[in-house]
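Have the model open as you read.

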Amino acid sequence: MTARPRRSCLYMPGANAKALEKAKTLPADVLLLDLEDSVAPEAKEAARDQVAAAVKAGGYGKREVIVRVNALATPWGREDIAAAGAAYPNGILAPKVESGAEARELDKAMTDAGFSDEAALWVMIETPRAILNLADIAAAAKGTRLSVFVMGLNDLAKETRARAGANRAAFFAPMSLAVIAARSEGIIVIDGVYNDIADSAGFEAECRQGLEFGFDGKTLIHPSQIDTCNAIFAPTDEEVARARAVIAAFALPENAGKGVIKVDGKMTELLHLEQAKQVVAVMEAIESLSA
Ligand code: COA
Ligand code: MG
């Protein structure tokens, strides 16, 4: 089982040289080098060159490096993908994807740009049409590089006119549907950002809520959000201990071929064994980051 940790995915404006440099020292699992929303139109080309140069120069260690490109429908999208392809990041994040056909077109653009088959295509889920087409988008994971969904809840708020308060009730349906669609095709799914950088209690509560919805991690906008996010999206010591106990119990000779057993008094089925293996794989992946 391959499990790469995607607990903390930190955005930074591609036009901000200081942030690109600082990222080399930050404990984020993923760096999202942005050429889209956080870069003004007149700065797009300089940001593209700066991000390509930074990715080529490296120094990001085991952090996964993903370039957020502009949409193919904009004047910059295709060149962003070409420039990224020549710099060998781990993949790209494409905004405002609304159909499986668009995901396949992006995958083809990646091939044309020289990306390897191992490179990943991440897509933003951030428009009403994307929510309605989630199953179609998820199905495009078959035979393409599509492997991660990222919620774009600031854009979704703008498009829907929803007023999502502190508990995000207005987004429960889209968040849950995105998780379900992602899981139907084995896709990783990352929660949206928390804009109020100074509100650490609100941020922590939103991380926990995202975890409860099933997200694998959260997108972040500031270094101060990383540690809390990493802690909340990592399996707890109790979860890891329980997972190891479940794996050990099913491995006992007397349990060979059984579909259901009792572990520490709890009914435990083969589906729990699969969950346990996932927990251990995630933990090992997290440990391998500091190895
Ligand atoms: N990534 C990397 N470094 C960051 C960072 C980020 N997202 N946000 C801030 N930093 C760095 C700053 O450069 C500064 O570095 P220094 O200590 O070496 O001087 C330090 O962290 C503290 O920054 P701070 O002064 O608190 O914030 P700021 O006023 O410089 O920046 C924002 C505030 C919101 C402009 C900035 O955090 C940001 O650009 N976030 C990401 C926005 C984005 O990418 N949006 C698109 C997706 S929603
Ligand atoms: Mg956006």
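Buried means under 20% relative accessible area, exposed over 50%, and partly exposed in between (1.4 Å probe, protein chains only). This is a predicted model: local features need pLDDT of at least 70, side-chain atom pairs count only at pLDDT 80 or more, and totals for chains, interfaces and linings use all residues. Residues are numbered from 1 along each chain as its sequence is written, chains are lettered from A and ligands numbered from 1 in the order in which they are written, and side-chain values use heavy atoms, with hydrogens and water left out.

**Magnesium ion**

Asp37 (OD), Glu126 (OE) and Asp155 (OD) coordinate the magnesium ion (ligand 2), at 1.9 to 2.8 Å. Donors are N, O and S atoms within 2.8 Å of the metal (3.2 Å for Na, K and Ca); water is not among the atoms, so the site may look incomplete. The donor residues follow the spacing D-x88-E-x28-D. Asp37 is partly exposed, at 47% relative accessible area. Glu126 is buried, at 1%.

**Ligand 1**

The shell around ligand 1 holds 15 residues; Tyr11, Pro13, Lys18, Ile221 and His222 are the closest. Near means a heavy atom within 4 Å.

| Residue | Residue atom | Ligand 1 atom | Distance |
|---|---|---|---|
| Tyr11 | polar backbone atom | nitrogen | 2.7 Å |
| Lys18 | polar side-chain atom | oxygen | 2.7 Å |
| Lys22 | side-chain N or O | oxygen | 3.3 Å |

The protein covers 60% of the 890 Å² of accessible area that ligand 1 has on its own (Shrake-Rupley method, 1.4 Å probe).

Methods: Polar contact = N/O pair within 3.5 Å; in protein donor to acceptor, adjacent residues only side chain to side chain.
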